[in-house]
Amino acid sequence: MQEAKRLAFLNDLYGLEGKTAVCIGGGGVLCGEMAMGLSMAGAHIIVADVVEEAGRARVQAIEQQGGTAQFFQVDVQVRESMVEVTRALAVQGRDCDILINAPGVNSKKPFLDVDDDEWARIIAINLTGVRNSCQVFGKFMIQHETHGSIINIGSVTSFCPLSGVSTYCVTKVGVVSLTKSLAAEWAPRHIRVNAICPGFFPAEQNRKVLSPDRVEAIMRQTPQHRFGEPPELVPTVLLLASPVAGSYITGAAYSVDGGFTAFTL
Ligand SMILES: NC(=O)c1ccc[n+]([C@@H]2O[C@H](COP(=O)([O-])OP(=O)(O)OC[C@H]3O[C@@H](n4cnc5c(N)ncnc54)[C@H](O)[C@@H]3O)[C@@H](O)[C@H]2O)c1
């Protein structure tokens, strides 16, 4: 087959030219990589993160690979900070075609040591924050009649808990449950809502919850016997983001975890 024909086929399926993708947590390791992939597929990227330095660095990386991106400082706990983004999008004549919700914090300790402040902080960012973002950007999509795609980031703990991170596990179950509720509620609005549930993708941000014993246990439980590499999340993001490739997919929670949640003994 002619190369041009093959490329056109792939571009029709996965191309995101003219689309805008809002990446919440885009200064982070996983969402940053997702943002790079969405940009390679043609989307304009809004990197939205509470940490300015990391967000701006990601914008620079996207520009260096030939894409376009803007940074907005948002705190998912503060709805107004995200409303500001929708105002800016409206001024620029942009829709929110793709929304990735990947803000995340974690802390490893026994349940009895989790005080009210810590419980509240993790729930506020990982779960209420995703709810806030879905409300703000979902409303914007509905007002603009955008046939958009929302991708919420769960975890293996969306399906089965891990020891020592009980609050985090609660939030990730909630993220998938919210994803399914919104998929049903917004299907008549032509908004698709899905989750990606990554396995273990270690970097600086989560090294503190990965002791050598835990790493060994994870490897025993992972049929592919290795950690994930952030670029391995990109194809699933492109599938769910594309209105063509992902047209009939909503309410799904995709595991990208080397088989971790497929396996017990
Ligand atoms: N890395 C993994 O192994 C792994 C596995 C499963 C799920 N996840 C999930 O993937 C997502 C990304 O994780 P990561 O590993 O890239 O971590 P990360 O720390 O690199 O990224 C998280 C980003 O969220 C941002 N953030 C934190 N609080 C925020 C707030 N209040 N408002 C806006 N942004 C905020 C951080 O600044 C950071 O840039 C998280 O939801 C995490 O729970 C990660």
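Trainee: Which residue has a polar side-chain atom 2.8 Å from a nitrogen atom of the ligand?

Mentor: Good place to start, and keep in mind that this is a predicted model. A pair of N or O atoms counts as a polar contact within 3.5 Å. At 2.8 Å from a nitrogen atom of the ligand, the polar side-chain atom belongs to Asp-75.

Trainee: Which residue has a backbone N or O atom 3.0 Å from a nitrogen atom of the ligand?

Mentor: Look at the backbone this time. Val-29 places a backbone N or O atom 2.8 Å from an oxygen atom of the ligand. The backbone atom at 3.0 Å from a ligand nitrogen atom is that of Val-76.

Trainee: How much of the ligand's accessible area does the protein cover?

Mentor: Begin with the ligand on its own, which has 810 Å² of accessible area. The ligand sits in the largest pocket.

Trainee: Is Cys-197 buried or exposed?

Mentor: First find Cys-197 in strand β6, residues 192–198. A residue is called buried under 20% relative accessible area. Cys-197 has a relative accessibility of 1%, so it counts as buried.

Trainee: How far apart in space are Cys-197 and Thr-157?

Mentor: In sequence, Cys-197 and Thr-157 are 40 residues apart. In space, going from C-alpha to C-alpha, the distance between them is 8.3 Å.

Notes. Residues are numbered from 1 along each chain as its sequence is written. This is a predicted model: local features need pLDDT of at least 70, side-chain atom pairs count only at pLDDT 80 or more; totals for chains, interfaces and linings use all residues. Side-chain values use heavy atoms; hydrogens and water are left out. A polar contact is a pair of N or O atoms within 3.5 Å; within protein, one must be able to donate a hydrogen and the other to accept it, and residues adjacent in sequence count only if both atoms are side-chain atoms. Accessible areas come from the Shrake-Rupley method with a 1.4 Å probe; for residues, only the protein chains shown count as cover. On a 1 Å grid over the protein atoms alone, a cavity is a set of points where a 1.4 Å probe fits but cannot get out, and a pocket is an open set with protein on both sides within 12 Å along at least five of seven lines; lining residues have an atom within 4 Å of a point. A molecule sits in a cavity or pocket if more than half of its atoms lie within 2 Å of its grid points. Helices (H or I, at least four residues) and strands (E, at least two) are DSSP runs, numbered from the N terminus. Buried means under 20% relative accessible area, exposed over 50%, partly exposed in between (1.4 Å probe, protein chains only).
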